[in-house]
Amino acid sequence: MKNKKLLGHLSVFIAYTIFGFNIIICKDLTSSSLVSPMGLFCFRAIGATALFWLLSFFMPKEKVERKDLPKIFLASMLGLFLTQISFLKAIQITTPLDTAIITSITPIFTMFVAAIALKEPITLKKAGGVAISFAGVILLILNTVHAGSVTETKPLGIVLMIFNCLFFACYLGIFRPLIAKYNVVTFMKWMFLFSMLVSVPLNIKEMTHIDFSAMPTNYRLELGFLILFSTFIAYFLIPIGQKHLRPTVISLYAYLQPLIATITSIYLGMDHLSWQKVVAAVLVFTGVILVNKSRAAQETPKVTSPMPRSLGK
C-alpha cells in the first residue's frame, strides 16, 4: 500500500513539474501568433490520441463498457477540452507567473467537489493544510518580481483561469471512481479521442493552412515538448496518481507550478531567490503533508465501489 501511494505521489509530482514548464512554453507559443489556442490544443489532442492508441496495441486489451462512454466523454470535456482551451486563451492575456499562481485555488474547488461527489469529509487538518499551502503561494505572489515582463494580466485572463481551475477540480473530484475502473492507457486514449473529435472540426481551416516549414526550430521543439511531455506523459501520469491518492492531495501539487515558474524565472534572470521564497516553498509542502496525513484517508470509502448515485448509471 505504501509503495502504491509512493508511486501516486511520484507520478503527480513529475506531471505537475512538467505542467510548470508547460506554462512558460505555452505562453511563448501563443504569443508568437503562429498558432491559435484552439490550434495548439488540436495539435496536442491529435498527437496524444495517436500515442495513446498506439501504446494500447502493445498492452492487454480492455473493453470499455458502452454505458461508460458518455461518462468518459463528459470527463474529456471537463478534464481536457474545457480545461485546456480556457488555459490557452488565458495565457495570452496573463503573465506566466500570474497564471501559475492563480491555479493555487484548484485545491479549494477540489476539496468541495470531492466532499459533494465522493462524500470525502473536510477535516480540520485538511482545511488547515490547504490554508497553509495557500499562504505559501500568497507569500510567493508578494515577493515575485516580474522584471522584464511587458505583458500585463487582464481581468478576463483571471476569470478564464478561475474557470480552468473549476473545470479541472470537477474532473478530479467527480471521475475518480471511473478512472479507477480502467487501465490508464485505456481511459486516456478515449479521453483524447473524444477531445480530438470535438476540437478538430472547429479548427480544421487553421490546421490546413499552417506552414510548418516556415516555423522557427525553437517553436517546433516547443510544440514537440507540449505534445510528448505536457500532454502524453503528464496525462499518462495524472490518472496513476488518481488511482492511489485522494483528489485534494493531487490538486495540492498544483502549487508546484508557481514554484517551477519562479525557479525558471530565476534561471532566466527574471527573478531572484530570497528568504521569503524559501519560506513560501516550506509552507506549500507543509500543507501537502498535512492533507496527506489527514484522517480522511481512513474515513473515505474505497473508490473501487460503484459510482455514486449522483453520477447516474
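This is a predicted model: local features need pLDDT of at least 70, side-chain atom pairs count only at pLDDT 80 or more; totals for chains, interfaces and linings use all residues.

**Ground rules**

Residues are numbered from 1 along each chain as its sequence is written, and side-chain values use heavy atoms, with hydrogens and water left out.

**Entry 1: the whole chain**

I looked up the secondary structure and got 15 helices and 0 strands. Helices here are DSSP runs of H or I with at least four residues, strands are runs of E with at least two, and both are numbered from the N terminus. The chain has 313 residues, and 54% of them are buried.

Next I looked at contacts, meaning heavy atoms within 4.5 Å. Of the contacts in the chain with a separation of 6 or more, 92% are between residues 24 or more positions apart.

Then I checked pLDDT, the predictor's confidence in each residue, from 0 to 100. The chain has a mean of 80, with 82% of its residues at 70 or more. I marked residues 145-150, where pLDDT is below 50 and the model has 8 contacts beyond near neighbours in sequence. Residues 295-313 are also below 50, and that stretch has 24 such contacts.

**Entry 2: Thr83 and its helix**

Is Thr83 buried or exposed? I found Thr83 in helix α3, residues 69-90. Its relative accessibility is 5%, so Thr83 counts as buried. Leaving out residues up to four places away in sequence, Thr83 touches Met77, Leu78, Asn164, Phe167 and Phe168.

That sent me to helix α7, residues 155-174, which packs with α3 at an angle of about 160 degrees, the axes being 8 Å apart. This angle makes α3 roughly antiparallel to α7. I noted the scale: under 35 degrees is roughly parallel, over 145 roughly antiparallel, 65 to 115 roughly perpendicular, and the rest oblique. The axes are lines fitted to C-alpha atoms, for helices over the stretch in contact, and the angles run from 0 to 180 degrees between N-to-C directions.

The crossing of α3 past α7 is left-handed. Left-handed means that the near helix is turned anticlockwise from the far one by less than a right angle, and right-handed means clockwise. On the α3 side the contact includes Leu78 and Thr83, and on the α7 side it includes Asn164, Phe167 and Phe168. By class, I have 11 nonpolar, 5 polar and 1 charged for the residues of this contact. Nonpolar covers Ala, Val, Leu, Ile, Met, Phe, Trp, Tyr, Cys and Pro; charged covers Asp, Glu, Lys and Arg; the others, Gly among them, are polar.

**Entry 3: another partner of α7**

I followed α7 to helix α5, residues 106-117, and read a packing angle of about 35 degrees with the axes 8 Å apart. α5 passes α7 in a right-handed crossing. Among the contact residues are Phe109 and Val113 of α5, and Leu166 and Cys170 of α7. This contact has 11 nonpolar, 3 polar and no charged residues. Cys170 is also listed in the contact of α3 with α7.

**Entry 4: helix α1**

Leu7 is in helix α1. At 41% relative accessibility, Leu7 is partly exposed. Which residues does Leu7 touch, not counting those up to four places away in sequence? I found Ile240 and His244. I also looked up Leu7 and Leu237: they are 230 residues apart along the chain, and their C-alpha atoms are separated by 9.7 Å.

Helix α11, residues 217-244, packs with α1 at about 155 degrees, with the axes 8 Å apart. The two are therefore roughly antiparallel, and their crossing is left-handed. Their contact has 22 nonpolar, 7 polar and 4 charged residues.

**Entry 5: Ser33**

My last stop was Ser33, in the loop between α1 (2-31) and α2 (37-56). Ser33 is exposed, with a relative accessible area of 66%. Ser33 is not a glycine, yet its phi is positive, about 65 degrees. Most residues other than glycine have a negative phi.

Technical notes
Buried means under 20% relative accessible area, exposed over 50%, partly exposed in between (1.4 Å probe, protein chains only).
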